[in-house]
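Open the model in your viewer and keep the sequence panel beside it. The stops below can be selected one after another.

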Amino acid sequence: MIRVAVPLNADTVRDAPKVLLHDHLDGGLRPATVLELADAVGYDALPSSDAGELGAWFLAASHSGSLVRYLEGFGHTVAVMQTPDALVRVAAECAEDLAADGVVYAEVRFAPELHVAGGLELHAVVEAVLEGFRVGSARAAERGRRIRVGCLLTAMRHAARSREIAELSIRYRHTGVVGFDIAGAEAGFPPTRHLDAFEYLRQQNSHFTIHAGEAFGLPSIWEALQWCGADRLGHGVRIVDDITVAEDGTATLGPLAAYVRDKRIPLEMCPTSNVHTGATKSLADHPIGLLTDLRFRVTVNTDNRLMSDVSVTGELTALAQTFGYDWDRLQWFTVNAMKSAFIGFDERLALINDVIKPGYAALTA
Ligand SMILES: [Zn+2]
């Protein structure tokens, strides 16, 4: 049988089934929605009142090289996400946008503690976001785009509410929350500060990922795995610091890199985001190329769709152009992500066998 593959470009990649494990709700708003929500609550600190200009401002801030300016962007999005209506809308549009991008399963994360400035209780924040995901997924299904969205609750690593947020994730584990995460500045805030939360989650037989090895090095990854027991690594890029590549291309893995690969620990890689924050110089220089060649459990993610002006389609297409990846490689990233999701084994298997594999078979046969 002759196999004639469909050409691989942004239009065809959009139609391929995709899986997203690392995406921040407050980093993925539509610029027009930021404007409308700001208007509704009387927030007047936005840098522009034009959606196009505002989108460009977020993108410029994301690779200005200044962390302060980058974080300023989140200041704006979080400021307009302080009411139940706003949270429902942002979550619903998130599900719709991901579905329109061809994502069939997504885990979207957010930090409830950042959305209580308007007087909401933590549980009300979570309920509004879960409601938004349900609304958005239903709207997408009406348009023939099926998506399932699971929610990860994030605790801020510089704060002291991780145990409380972990308990919240267990309270909502049967209604849409599938796991837990910690995020925020890595340097100075090691994951072991939150051991109490991680021990609690392990006792509850729950799942969690930890932002580790994004800009900060190996100690953060080591603590996340060997002290905290993380199921996945958010970014994990710096694991390359434990790999030496000889001139002839032979790679030697140090003990931690070997552990990560041997145990098939998923790396939630976010290539463009890493370029923008300066964790790596360019896409071509991004360790995802080497880690993929070495068959680590690599997954491809967006991180912040608004700030980096990215989509899963855009990331996969850019990687294919940069590293010469074909449909088989894109399917491999997708199956890797699905295997690494925090939903049950039978549900993961069903998505792999009923949705992902047939989707890619249609593109390559
Ligand atoms: Zn992140």
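Select Arg-264 and count its surroundings: this residue counts as exposed because it has 12 C-beta neighbours inside 10 Å. The cut-offs are 20 or more other C-beta atoms within 10 Å for buried, 12 or fewer for exposed, and partly exposed in between, with C-beta atoms placed from the backbone. Arg-264 sits in the loop between helix 10 (255-262) and strand 9 (267-269). Helices (H or I, at least four residues) and strands (E, at least two) are DSSP runs, numbered from the N terminus. The phi of Arg-264 is near 55°, a positive value in a residue other than glycine. Most residues other than glycine have a negative phi.

The model is predicted, so local features need pLDDT of at least 70 and side-chain atom pairs count only at pLDDT 80 or more, while totals for chains, interfaces and linings use all residues. Residues are numbered from 1 along each chain as its sequence is written.

Next, go to Arg-295, in the loop between helix 12 (288-293) and strand 10. Its phi is also positive, near 60°. Arg-295 has 11 C-beta neighbours inside 10 Å and therefore counts as exposed.

Axes are lines fitted to C-alpha atoms, for helices over the stretch in contact, and angles run from 0 to 180 degrees between N-to-C directions.

Within the sheet, select strand 2 (residues 103-110) and strand 3 (residues 148-156), which pair in the parallel sense over six bridges. Which residue in strand 3 is the bridge partner of Phe-110? It is Leu-153.

Contact here requires C-beta atoms, placed from the backbone, within 7 Å.

Finish with helix 7 (residues 162-171) and helix 8 (residues 195-203), packed at about 20° with axes 8 Å apart. That angle makes helix 7 roughly parallel to helix 8, the cut-offs being under 35 degrees for roughly parallel, over 145 for roughly antiparallel, 65 to 115 for roughly perpendicular and oblique for the rest. Ser-162, Arg-163 and Ala-166 of helix 7 meet Asp-196, Ala-197, Tyr-200 and Leu-201 of helix 8.

Terms used. Two residues are in contact if their C-beta atoms, placed from the backbone, lie within 7 Å. Two strands pair if DSSP finds at least two bridges between them.
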